[in-house]
Amino acid sequence: MSSAQLLRSEAVYYVDLAVTGITFGCMYAMMAVGLALVYGLLRILHIAHAAVFALGAYVTVLVANATGSVALGFVAAILVTPLFGMTIYRLLYEPLLKYRPDVPMIASVGLLVLMQDAFRIGFGEQGVTFHRDVYDLMTVDLLGVTVNAVQIAIVIAAAVIFLGLHLFTTRTRIGVAWRATVSRPKIAASFGVDPIQVRYLNFALGSALAAIAGGLVALLNNLVDPSIGYVVSYKALAIIVLGGLGSVRGTLIASLVLGLVEAYGTIFIGQWLDRDAIAFLALIALLMVRPQGFTGVRTA
Amino acid sequence: MSAYEISVISVIGINVILAVSLNMISGFCGQISLGHGAFYGAGAYAAALAMIGAGSVPLALLAAAIVGSVLGIVVGFTSLRVRSDFLAVTTIGVNFLFTGFVRKQHWLGGEMGISGIPGSGLGANGNMLMILLFAAVTVALSLYVNHSWMGFAFRAVGEDEDAAATLGINSAAYKLAAFAIGTALAGLAGGLYAFFTQFITPDAFDFILSVMLMAMVVIGGIGSTWGVVTAAIGVTLLPEAIRFVSNYRLLVFGGLLLLVIRLAPGGIAALIRSVAGSAREP
């Protein structure tokens, strides 16, 4: 190989890593934003969000296989998970809000353990895959970089969702009321915003976004197994902390940074640390430099 | 006693040490730590290496406590920089960092862990007694600290750092002290565990374990030594007690954890206080 060719293949390799990093980053962002919204409003580390994510993935694959349409799978997931998320709030968090934040968090862990085992019992240890006629993997060649169609879908979905969230929170009355409740709950209430409705909206929206992320991850791996939410859930905690707890924009930035750090980190320090450890090393290092995250204000 | 009973009691003893020591950090001093497994694991690996290298049980246990404590003080410094939920997530990170690091180290056995750790020479019964002895010492220390000036300072720091400062309490020093003591005990528990199993892998010290330990503290009643001891025994026995539903163990376990927290959010300690309170009323 000539040196020019070598240089080119090397460049393609690094671009490949960037594509992987950005894809993962977008996926993390969709997964984490619901968590950030819940934290922003209620100061609860909603670990069971991973169960919502897994539920979204299961509903997507099961409905897609039953109906033969992936789109219908997503629709079903987007309809089911908000109900589940709102139920979690009503039955689990609302009665525990007056206790120390570790109390609802441990309850949340209990729910995650229960749900994961329920998925295992219901749909098997090996998990569920898409039927072949439903699932048709496509790859696209972009200037020598091979991109999976699902990867493109993930990036587009994340872009649409975050743009939509931005417009929703800045251009609509409900969105503004929501932001007001997050930053100044009492004053918002005095202007006639019902804080309880805002909480339900919060759980509904966050859960629907997690479901979309779950469905996309299911497509990306062509597999939904009981542990699908496990690592993502704890990494999402790292992301919302890094993003400045409760901030949507910070969550997006932190997700992309973490995705890229992981992608390049596994190449450069992969022999010393595994993927998750690299992510958390970056988290701790950044937190020591910026204890309040990228964009957040100091909350503690 | 059967070998099964001896092993269950040994695990209970180790979990009591872990939960009570975590309670000193998170309960007394209010510094939420979800990475207690890392200190426990560091102690276990230190004891294993010391035992293989030097062959002395006291030296191995000392090494375990020192390594656990040194790591604890380092993490304690992060608690001076980040607070509450930020600290909780930082300590989760410490746990993932520990297991992720150990998995990739050949000299620590990597994924396969370290097997063939020399025994303590005390036999299973002797090991159990040693573990119970240290558990009793840990509980006594926790009760003593709780009633001492240090315990008062811990609670002051945990409840309101600024108010503690007005009392002249150096909150940084007490936070570090809480981490140093709590993680030394966790390291010691790791050393005892290394002698108990004579075989350690990174998976034994993962984040799930740390969450279980925090669950013991919360179920027991944050800050209550006896409540936490009771919860540690209960949470350890529960999976054994529901063996008959073997295929549904985690389902039942998760469900019970959820129910207990939902029905008694203040933990066993608060439950007993309210029962005692209503009994006293005529």
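This is a predicted model: local features need pLDDT of at least 70, side-chain atom pairs count only at pLDDT 80 or more; totals for chains, interfaces and linings use all residues.
Residues are numbered from 1 along each chain as its sequence is written, while chains are lettered from A and ligands numbered from 1 in the order in which they are written. For the complex, the predictor gives an ipTM of 0.82 and a pTM of 0.87.

The contact between the chains takes 38 residues from chain A and 36 residues from chain B; two residues are in contact if their C-beta atoms, placed from the backbone, lie within 7 Å. On the side of chain B that touches chain A, helices H3 (57-81), H4 (84-103), H9 (207-220) and H11 (249-263) each supply at least two residues. Helices (H or I, at least four residues) and strands (E, at least two) are DSSP runs, numbered from the N terminus. H4(B) gives the most to this side, with 13 residues. By class, this side of chain B has 23 nonpolar, seven polar and six charged residues. Here Ala, Val, Leu, Ile, Met, Phe, Trp, Tyr, Cys and Pro count as nonpolar, Asp, Glu, Lys and Arg as charged, and the others, Gly among them, as polar.

A nonpolar core is a set of buried Ala, Val, Leu, Ile, Met, Phe, Trp, Tyr and Cys residues joined through C-beta atoms within 7 Å. A residue is buried if 20 or more other C-beta atoms lie within 10 Å of its own, exposed if 12 or fewer, and partly exposed in between, with C-beta atoms placed from the backbone. The largest nonpolar core has 198 residues, and Ala19(B), Ala47(B), Ala215(B) and Met216(B) have the most contacts inside it. Helix H1 (residues 3-42) of chain A gives the most to this core, with 16 residues. Leaving aside neighbours within four places in sequence, Ala215(B) is in contact with Ile106(A), Val109(A), Val235(B) and Leu257(B).

Helix H2 (residues 36-54) of chain B is largely enclosed by the rest of the structure, because 15 of its 19 residues are buried. Just after H2(B), Gly55(B) takes a positive phi of about 75°.

In chain A, Ala64(A) lies in helix H2 (residues 49-67) and counts as buried because it has 24 C-beta neighbours inside 10 Å. Gly124(A), in the loop between helix H4 (102-123) and strand E1 (139-142) of chain A, is exposed, with 11 other C-beta atoms within 10 Å.
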